[in-house]
Amino acid sequence: MALPHISNSQSGVNLWDPVHGSIFEVYFTLPDALRDKYGQDEALITEHVTKVSGLDGLTKGPELVTQKFMGTTRSYLSPKLDDTSLADISIEFTLNLRNGTDNYLLKLFKDWMKLAYDLETGEIHLKKDYIAKWMKICQGTRDGSIIREIVLRDVIIHGSLEGVNEFDYSTTDPQTLTVHFASDWWKDTLA
């Protein structure tokens, strides 16, 4: 048995860096219907991302199913997954005011939500009108090398925009915005 010493650790003696969940960037595309109005802001969305969650479906496997035989249990893997989409990717954003009054990120995401269903008019659109062609999440290393690239396709915004619908005198923290996305297909590439 190896002694618990750094000289017996391959990661330690070979100077292997850890994987950091805080070194990442997210790149967005917008639905075509928003490009004329918000195309200049597409790259700005990236610099406001603070947190991404809900990617568990990228590493999902079949669930366990069982049978009983005379008081014993036989275990198997299900031949199918119960869900093959990423239904609730949550991204948290910082909010800033351009020129002192323009809450451009909130406006952009509210208008994107309206492409599916406009609460003010009842207008609805087809899926081709409210999807973004892709969203890319890149995880990197301290030197900037990409170790994981996730490209989500046909991205949908859904649910409520969170974080901007409550006001509180007891806090001085800047508001953040949480937006929920979904995708039915993707490519997850590890270096």
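Q: Helices are DSSP runs of H or I with at least four residues and strands are runs of E with at least two, numbered from the N terminus; where does L119 lie?
A: L119 is in the loop that runs between helix 4 (104-116) and helix 5 (127-130). This is a predicted model, in which local features need pLDDT of at least 70 and side-chain atom pairs pLDDT 80 or more, while totals for chains, interfaces and linings use all residues. Residues are numbered from 1 along each chain as its sequence is written, and side-chain values use heavy atoms, without hydrogens and water.

Q: Is L119 buried or exposed?
A: Buried means under 20% relative accessible area, exposed over 50%, and partly exposed in between (1.4 Å probe, protein chains only). L119 has a relative accessible area of 78%, so it is exposed.

Q: How does S7 read by that scale?
A: S7 counts as partly exposed because its relative accessibility is 45%. S7 sits in the segment before helix 1 (10-13). From S7 to L119 there are 112 residues in sequence and 63 Å in space, C-alpha to C-alpha.

Q: Which residues other than glycine have a positive phi?
A: Most residues other than glycine have a negative phi. Here L15 has a positive phi of about 60°, and M70 has a positive phi near 50°. L15 is in the loop between helix 1 and strand 1 (24-28), and M70 is in the loop between strand 3 (64-69) and strand 4 (72-77). L15 is exposed because its relative accessibility is 71%; M70, at 75%, is exposed too.

Q: What is the volume of the largest pocket, and which residues are closest to its centre?
A: On a 1 Å grid over the protein atoms alone, a pocket is an open set of points where a 1.4 Å probe fits, with protein on both sides within 12 Å along at least five of seven lines; lining residues have an atom within 4 Å of a point. A volume is the space filled by probe spheres set on the points. The largest pocket has about 350 Å³. Of its 15 lining residues, K110, M113, Y117, L119 and L161 are closest to the centre. Helix 4 and strand 7 (146-162) are the elements that give two or more residues to this lining, and helix 4 gives the most, with five.

Q: Which residues line the second largest pocket?
A: The second largest pocket, of about 290 Å³, has a lining that includes H20, F24, D56, I137, R148 and I150. Strand 6 (132-140) and strand 7 are the elements that give two or more residues to that lining.
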